[in-house]
Amino acid sequence: MKTYLDIDNWNRKELFHHFRTLQDPTFAIVANVDITTIFEYTKKTKNSLFVSYLYACMKAVNAVENFKYRIEEDKIAIYEVIDASATILREDKTFGFSYIKFSNDFKLFNESFLKEKERILNSTNLFPPEYSLGCIHCSALPWIHFTGHKEPVSGDKNNSVPQFSFGKIKQEGTSVVMPVGVNVNHSLVDGYHIGQFFEIFQKELDKIN
């Protein structure tokens, strides 16, 4: 389900049109998040750490209005629910793109992830059979605690699906931290909105599912 934004009466109208004139309107930010609570919880419950922090991420994404905006030709669509298209690694170190339906119910979200993981591990397909612009693209890089990150870009200025990367966790004093890279189209999303995302993401990471 989606609706369309009234661009002419949008307070970001000039910003939207300005950034669309740029050759590359995207920008990226990397910040650490504290995953101590969820890390300890998943150790006790044997839940997947990746699914647990991805669930927290998706709750935050769905709570920030501008992360639901997508450029479709000259219109801005507003998706009611944002899903996750995450890369899932195979034993031969290739990967496939998943399409994980978001649900506020962690059990249902986890079931969707497991179904996609099974499909990818038993195929050589790169792309999922179902896809929508109403998603984020995300991947885990558990080998590197990165401090900077750049995503591949297609050169399409209308490409407005946010991209997320989750890096290697490490101990800092009594805390466990993880770098998170966020890449967005500045035509739709500003630093303020990324700040909103990280604030909500941290609150969700501090909860117990």
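Reader: Does glutamate 72 count as buried or exposed, and at what relative accessibility?
Author: Buried means under 20% relative accessible area, exposed means over 50%, and partly exposed lies in between (1.4 Å probe, protein chains only). Glutamate 72 has 15% relative accessibility, so this residue counts as buried. The model is predicted: local features need pLDDT of at least 70 and side-chain atom pairs count only at pLDDT 80 or more, while totals for chains, interfaces and linings use all residues. Residues are numbered from 1 along each chain as its sequence is written, and side-chain values use heavy atoms, with hydrogens and water left out.

Reader: Where is glutamate 72 found, and which residues does glutamate 72 touch?
Author: Strands (E, at least two residues) and helices (H or I, at least four) are DSSP runs, numbered from the N terminus. Glutamate 72 belongs to strand β3, residues 69-72. Contact means heavy atoms within 4.5 Å. Setting aside residues up to four places away in sequence, glutamate 72 touches Lys2, Tyr4, Ala77, Tyr79 and Leu133.

Reader: With which side chain does the side chain of glutamate 72 make a polar contact?
Author: A polar contact is a pair of N or O atoms within 3.5 Å; within protein, one must be able to donate a hydrogen and the other to accept it, and residues adjacent in sequence count only if both atoms are side-chain atoms. The partner here is the side chain of tyrosine 79, at 2.7 Å.

Reader: What is the phi of glutamate 73?
Author: Most residues other than glycine have a negative phi. Glutamate 73 has a positive phi near 60 degrees and is not a glycine. The residue sits in the loop between β3 and β4 (75-79), and is exposed, with a relative accessible area of 67%. Lysine 46 also shows a positive phi, about 70 degrees, without being a glycine. Its place is in the loop between α2 and α3; lysine 46 is exposed at 72% relative accessible area.

Reader: What should the residues of helix α3 span, and how many of them are buried?
Author: The expected span of a helix is 1.5 Å times one less than its number of residues. Helix α3 (residues 49-61) has 13 residues and should span 18 Å, and its end C-alpha atoms are 18 Å apart, which agrees. Of the 13 residues of α3, 12 are buried, among them Phe50, Tyr53, Cys57 and Val61. At the start of α3, a side-chain oxygen of serine 48 comes within 3.3 Å of the backbone nitrogen of phenylalanine 50.

Reader: At what angle do α3 and helix α5 pack?
Author: Two packed helices are described by the angle between their axes and the distance between the axes. Axes are lines fitted to C-alpha atoms, for helices over the stretch in contact, and angles run from 0 to 180 degrees between N-to-C directions. Helix α5 (residues 191-205) packs with α3 at about 140 degrees, with the axes 8 Å apart. That makes α3 oblique to α5; angles under 35 degrees count as roughly parallel, over 145 as roughly antiparallel, 65 to 115 as roughly perpendicular and the rest as oblique. The contact involves Tyr53, Ala56, Cys57, Lys59, Ala60 and Val61 of α3 and Phe197, Ile200, Phe201, Glu204 and Leu205 of α5.

Reader: Where is lysine 207 found?
Author: Lysine 207 is in the segment after α5 and is partly exposed, at 43% relative accessibility. Lysine 207 and alanine 56 are 151 residues apart in sequence, and their C-alpha atoms are 8.8 Å apart in space.

Reader: Which residues make the contact between α2 and α3?
Author: Helix α2 (residues 36-45) and α3 pack at about 140 degrees, with axes 9 Å apart. That makes α2 oblique to α3. Ile38, Phe39 and Thr42 of α2 make the contact with Leu49, Ser52 and Tyr53 of α3.

Reader: At what angle do α3 and helix α4 pack?
Author: For α4 (residues 106-121) the angle with α3 is about 120 degrees and the axes are 11 Å apart. This makes α3 oblique to α4. Phe50, Val51, Ser52, Leu54, Tyr55 and Met58 in α3 meet Phe106, Phe109, Asn110 and Phe113 in α4.
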